[in-house]
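Let's take a walk through a protein fold together.

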Amino acid sequence: VATVFWLDGHFSGSRFETAKAALDNPILLELETTLREVEEEDVVLIDDARMFTGFDRCQGNFKSECFPSLDDLKKIVCRLRPHWSFTVADDMIRIEHDSSTGTAKKQSKKTKKTKKTKEEK
């Protein structure tokens, strides 16, 4: 059974909107923890993609909404799940197993094997 992980636990810059914890934006820790536990059929979604501009470009009324960059997130995905895709559309980040990667690898091995066989003949 596939599971959808929705990561959206960040401080929104006002004590009246959201609670503030030790980290204003724990997304890097959340993503790393989630990717260590996911199964191949699972999907990870992160909203507010437009906000992932880097910690040096804080946003919001109080400039307290600080997010890592999309590249920071991609590095975690590449390190922990190298065969997973990372796409951004409609202000949403989608991370999931890229089944075409596995297929391409199988095809390339098969092609190499076929070429070897032809050369031997």
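What follows goes from the sheet to the helices, then to the core, the charged pairs and a turn.

A quick word on the ground rules: this is a predicted model, where local features need pLDDT of at least 70, side-chain atom pairs count only at pLDDT 80 or more, and totals for chains, interfaces and linings use all residues. Residues are numbered from 1 along each chain as its sequence is written, and side-chain values use heavy atoms, with hydrogens and water left out.

Let's begin with the sheet. Helices (H or I, at least four residues) and strands (E, at least two) are DSSP runs, numbered from the N terminus. Four strands make up an open sheet with mixed pairing, in the order S1-S2-S4-S3. Two strands count as paired if DSSP finds at least two bridges between them. S1 and S3 sit at the edges with a single partner strand each, so one side of each has no neighbour in the sheet. On average, neighbouring strands are turned by 20° against each other, direction ignored. (For angles like this, axes are lines fitted to C-alpha atoms, for helices over the stretch in contact, and the values run from 0 to 180 degrees between N-to-C directions.)

Helix H2 packs on this sheet and touches S2, S3 and S4, while its direction makes about 160° with that of S3. Here, touching or contact means heavy atoms within 4.5 Å.

Now zoom in on the pairings. S2 and S4 are antiparallel partners over five bridges, and across that pairing you can find Ile 46 opposite Ile 93 in S4. S3 and S4 are antiparallel too, over six bridges. Follow those two strands and you'll see Thr 87 facing Arg 94 in S4, and Ala 89 facing Met 92 in S4.

Next up is helix H1. Which of its residues are buried? They are Ile 27, Leu 31, Thr 34 and Leu 35, where buried means under 20% relative accessible area, exposed over 50%, and partly exposed in between (1.4 Å probe, protein chains only). These four cover an arc of only 95° around the axis, which puts them on the same side of H1; the arc is that of the directions from the helix axis to the C-beta atoms. The buried residues pack against strand S1 (4-7), S2, H2, S3 and S4.

That brings us to the core. A nonpolar core is a set of buried Ala, Val, Leu, Ile, Met, Phe, Trp, Tyr and Cys residues joined through side-chain atoms within 4.5 Å. The largest one here has 18 residues, and Leu 31, Leu 35, Val 44, Ile 46, Leu 73, Ile 93 and Ile 95 have the most contacts inside it. Helix H1 (27-37), strand S2 (43-47), helix H2 (70-80), S3 and S4 each give two or more residues to this core. Take Leu 35 as an example: beyond residues up to four places away in sequence, its contacts include Val 44, Ile 76, Trp 84 and Ile 95.

Time for some charges. A salt bridge is a side-chain nitrogen of Lys or Arg within 4 Å of a carboxyl oxygen of Asp or Glu, and the structure holds five of them. One joins Glu 32 and Arg 36 (2.8 Å, N to O), which both lie in helix H1, four residues apart, about one turn of the helix. Glu 32 also forms one with Arg 79, with the closest N and O atoms 3.2 Å apart. Arg 79 is in helix H2 and Glu 32 in helix H1, so this pair ties together parts that are 47 residues apart in sequence. Elsewhere, Glu 96 and Arg 94 form a salt bridge too, at 2.8 Å between the closest N and O atoms. Through shared partners, Glu 32, Arg 36 and Arg 79 are joined into one network.

Finally, look at the hairpin of S3 and S4, which has two residues between the strands. Most residues other than glycine have a negative phi. Yet Asp 90 has a positive phi near 55°, and Asp 91 has a positive one near 65°. Asp 90 is exposed, at 80% relative accessible area, whereas Asp 91 is partly exposed at 29%.
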